[in-house]
Each structure stands twice: as structure tokens, then as C-alpha cells.
Amino acid sequence: MIATLLKLFWLFAILSMLAFGGGAGVMPDIQRAAVETYRWMTAKEFLDMFAISRAAPGPGSLIVLLIGQKAAGLPGAAVSFVAMFLPSCLVVHALARFWHRAGQAAWRETVERALAPVAIGLTFASGLALMRSTESEYVQYGVTIAGAGVFAFTRIGPLYMLAAGAGAMLLARLMA
Amino acid sequence: MANREVVRPTLLSLFLGFAHIGMMSFGGGLAAWTRREVVQTRGWLTEQQFLSGYALSQLVPGATNVNLAVFIGTQMRGVPGALACFLGLTALPVAIVLGAGALYLGTHGGNVWVGVALSGMGAVALGMNLGLGVRLAIINLRRIGPALVTLCIAVGIGVLRLPLPVVLAVMMPISLAIAKWGRPV
């Protein structure tokens, strides 16, 4: 039990520090560790947990709770949560303090202007990477692209869009 | 730019604001919800402040949206603010995910149709994030230089699968040069 908790802690502490560009980037590493290296679960169980954590409200990286829960119960979930979020939160916190202290400095204004196109580029990049790693059916691609268009160009509420996406997938499965 | 010190939100409103973001973001799409709440509804940040915070949150390792919450909380109210935003964003979702996990582990497998519906919601949420990219691009990329920076990063990482640190090591200096010496927007 203690050994499992330590493994969980190390795994997520290290992966969270490697997750440049967001948690989705290390999802394949988490899968490999949980399924192949430590055999905490089957590949299908991992995919189900991925779906649960994606669909539930909140950050998708909460999947670490489910993996910890499967491997070592509630203590496992708690250890995984702390290991996944504490290190990166401390880094961001330090960065935010530094940023705040820069106040209205001219260089901060310049860097902020330089970061805007970077943020938008990374948004597209992570969206495309996630599409490739989590979607395999044409219907899913279609739903994603339609969702992007509707979100960008209309004022339709996101909750209606989510319901429509779920409906579209169910309909496609019924007709297949 | 307006001085933000004047409208510092209270800890409670930070907590509630991010709790709202966390609970609305079924299937992901948190960045879109965060911008809506923080820039449009509550006016805590300007568009440019949000964008730079969002960029930094993506550059620092870890979950982007959790990073963004901590970044905004720290800017607004230091350590207590960071904690308020982090707890607001995660508290209820943690309870829901743990509950769903217990149900799932209890039933050994879960319902197929629920899985199909979830995958549809996930696909839409992914689309919302891409749609946010489109919206932000239309609003913020009014010149060719920054637009090319965005395009190179999106294609380099998203399509060609080049490593993110390499792409940024090339594009960040270019973007800085454009911001410093390019014509103002």
C-alpha cells in the first residue's frame, strides 16, 4: 500500500513537471505507466476513466484521481491529486508574483503583446493534438469541427452545444 | 491600461467565480469558460492580461487551466487568492469525479450508451477550445506578423508534432521582436 502510494506520487509529480503545453500531452505516458508498467488497470478501464474525467466538470487532468483511486483507494486519489497539482501550482504562483511585481513596466507590456499570438497558436496546437489522440471516428471529427464553428461565430450557449454533441454521437451509434 | 488594483475581487468572489467555471465546464473547454467569466462577465482582467496569463499557463508545465486559475488568483490576491481560485475550480469536480469513479469501479464497466454520450460531449468541448482559438484570433491578430507566429506554432506542434520547447525557442524571440519593433496595432 505504502509502496503503491509512493509510486503514484513519483509518477504524477514527475509527469506534471513534464506536461508542457497542458496535461493532455502526458496522457500517453500516464496510460503506459498505469496499464503496462504498474498494471493497475486494463487498457479499456483506462479509456473509460479518460472518458469519465473528460466529461465530468473541471480539468481533464482529474483523471489522476481515478487512477489513484483504482490503484490504492481514497489515499491513492489524494496522493495523486497533490503530486499532480502542487509542483506546477508552486511554479505558476512564483511566476505570477514576479509578473505582478513588474506592474506597468514597459517590458511587461511588450512581453504580453508577444505572448498573445503564442497563446492562440498553442490553443490550436493542443486542440489538434487532442483530436488526433482521442478521436477515431468521422462523426467525432465532425462534431468537433461543428462545435468550433458554432462557438466561434454564434452566441449559442455551451450547454446546448454539449447536449447536441452527445445527441449526435448517440444518433450516429444507433444508425450504425 | 486601467489600474486593476482598484477592482480587486474578494476571496469569496474569486472562489465562486472559479467554482462557476469548474461546474460549467462539462467535457472540458475550460479556457473558453474562464475567459467568459473573468474577462466578459466579471471584468477582472482585460483581454490582453487574460491572453498573456493564458500563454504563461500553457508554457509552465502542468494542467493549463489549473495553472491559469492559480495565476489569476495570485495576481488578484496573492497566496489566499491562488488558494481560493484553485479550490473553487477543483473542489466540486473532485467530488464528482470521485463519485463517478466509485460508481464505475462498483459496477465494473459502466454503461455503453453513457460512454457514447460522453464521447460526444468531449468532442464538442474540444471544438469549443478550437472555436475559442478562432475567436481570439479574429479579435487579436490584426497584423500579418503575429498571425504568422500563431500559424507556425499551431502547425509546428499540432500538425508536424515538433516538440513544444523547440518550437517556442524559435517563435518566442520572433514574437518578441515583432511586439517590440513592429508597428503598433
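How many helices and how many strands does chain A have? In this predicted model, chain A has seven helices and zero strands, and read along the sequence it follows the pattern α-α-α-α-α-α-α. Chain A is also in contact with chain B, with 79 residues of chain A meeting 86 residues of chain B.

**Chain A as a whole**
- The C-alpha atoms of chain A fill a box of roughly 55 × 50 × 25 Å, taken along the principal axes.
- Of the 176 residues of chain A, 51% count as buried, and among contacts between residues at least 6 apart in sequence, 50% join residues at least 24 apart.

**The side of chain B that touches chain A**
- With 86 residues of chain B in contact with chain A, the elements that each give two or more residues to this side are α1, α2, α3, α4, α5, α6 and α7 of chain B.
- The largest share of this side, 25 residues, comes from α5(B).
- By residue class, this side of chain B divides into 54 nonpolar, 30 polar and two charged residues.

**Helix α5(A) against helix α6(B)**
- The axes of α5(A), residues 106-134, and α6(B) come within 7 Å and cross at roughly 25°; the two helices are therefore roughly parallel to each other, and their crossing is right-handed.
- Residues of α5(A) in this contact include Ile120(A), Leu122(A), Phe124(A) and Leu128(A), while those of α6(B) include Val149(B), Ile153(B) and Ile157(B).

Notes. Residues numbered from 1 in each chain as written. Chains lettered and ligands numbered in written order. Predicted model: local features only at pLDDT ≥ 70, side-chain atom pairs only at ≥ 80, totals over all residues. Contact = placed C-beta atoms within 7 Å. Helix = DSSP H or I, 4+ residues; strand = E, 2+ residues; numbered from the N terminus. Nonpolar A, V, L, I, M, F, W, Y, C, P; charged D, E, K, R; others polar. Buried ≥ 20, exposed ≤ 12 C-beta atoms within 10 Å, placed from the backbone. Axes fitted to C-alpha atoms, helices over the stretch in contact; angles between N-to-C directions. Parallel < 35°, antiparallel > 145°, perpendicular 65-115°, else oblique. Left-handed = near helix turned anticlockwise from the far one by under 90°.
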